[in-house]
Amino acid sequence: MILCLGEGLVDLICERPVRSLADADSFSPHFGGALANVAVAAARAGAEVGLAGAAGDDDWGRWLAGRLEREGVDLRYFELLEGELTPVAFATFGEEGDPSFQIYGDAVRIAVESVRPRLDEALAAADALVFSSTTLATPAEREVTLRARELALARGARVCFDPNIRPNRWNGDAAAAAAASRELVEGTYLLRANRDEAMALAGVDDPREAASRIAEMGAELIVVTLGEEGAVIRGACEAEAPAVEVEVVSTLGAGDAFMGTLVAGLAERGWDASRADEALGPALEAAGEACTRFSALD
């Protein structure tokens with residue numbers, strides 16, 4: 001099983017471009033959260049995948065769990081917590097399709113704290129661990145995440161890491177997020193980053209050079225997504241592929257769709273890193289499809 005460690009929440013999306021949240025007149029609910037999105041994308045691509053996290057034991061939490069279950073995501077390590085409210089994110093989009101969020105609740109804290117007592121059991125069942133830097137931002141979250149990574153490495157599971165640098169999780173300090181992510185490169189099977197994240201990790205201004213530098217830092221595979229330019233792979237496999245041409249409605253969840261589909265493709269190929277190029281095309285197609293709607297995956 002591919003185990004995704006991290007947040008699930010409810011995205012309440014205004015499905016038309018607006019200048020600000022104050023201009024929105026209606027919102028539609030969709031499942032969300034980076035790792036929940038990755039899990040769903042991997043499941044849709046045919047992988048056996050589970051989400052380790054939590055939501056509140058309320059109507060929204062049951063709504064979220066029901067949709068994840070219908071997508072085929074294993075919820076053995078996903079808990080509905082009594083006394084917690086399921087986090088929600090109000091999402092709006094400008095004319096260019098870039099999302100802005102107003103988030104209520106701490107989805108990452110809820111997810112990580114719930115998994116702590118079940119880490120050994122969850123990692124014993126995993127062939128791969130997928131996580132992002134969003135669960136590294138506070139000491140308590142970092143402790144759990146690093147323990148999960150340690151268990152995965154000790155048991156021979158592939159560690160798949162998405163730096164996913166979000167300055168709001170780091171009190172606006174993107175450099176701290178990059179530094180924490182850089183410490184986890186060595187021993188990583190797959191590191192997936194966008195253009196800006198890769199350059200921040202490598203300390204260079206060219207994304208392709210950044211990919212090569214990160215591979216030299218100890219990642220077996222480094223995949224850098226380049227938006228309209230597609231993606232590049234460096235490390236145990238070297239390849240490039242163009243993006244799929246689509247009419248962009250929003251960019252919400254495109255990176256998550258890419259990551260989930262890519263990990264599923266690697267699992268299908270027995271985690272043979274030399275065949276990573278074969279998984280790149282489907283991942284780019286999934287990312288392109290995600291850009292054709294306001295929600296991440298549905």
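This is a predicted model: local features need pLDDT of at least 70, side-chain atom pairs count only at pLDDT 80 or more; totals for chains, interfaces and linings use all residues.
1. Residues are numbered from 1 along each chain as its sequence is written, and side-chain values use heavy atoms, without hydrogens or water.

2. Start with the sheet. It is open, with 4 strands in the order E3-E2-E6-E7 and mixed pairing. Strands (E, at least two residues) and helices (H or I, at least four) are DSSP runs, numbered from the N terminus. Two strands pair if DSSP finds at least two bridges between them. Strand E3 (28-32) and strand E7 (99-104) are the edges, each pairing on one side only.

3. Look at one pair. Strand E2 (residues 9-17) runs antiparallel to E3, and 5 bridges join them. Val10 stands opposite Phe31 in E3.

4. Helix H2 (residues 59-70) lies across E2, E3 and strand E6 (88-93), at about 60 degrees to E3. Angles run from 0 to 180 degrees between N-to-C directions, with axes fitted to C-alpha atoms, for helices over the stretch in contact. Contact means heavy atoms within 4.5 Å.

5. Now the cores. A nonpolar core is a set of buried Ala, Val, Leu, Ile, Met, Phe, Trp, Tyr and Cys residues joined through side-chain atoms within 4.5 Å. Buried means under 20% relative accessible area (1.4 Å probe, protein chains only). The largest core has 63 residues; Val130, Leu190, Leu221 and Phe258 have the most contacts inside it. Helix H1 (residues 34-44) gives the most to this core, with 9 residues. Apart from this core lies another, of 46 residues, including Leu136 and Ala148.

Notes:
Buried means under 20% relative accessible area, exposed over 50%, partly exposed in between (1.4 Å probe, protein chains only).
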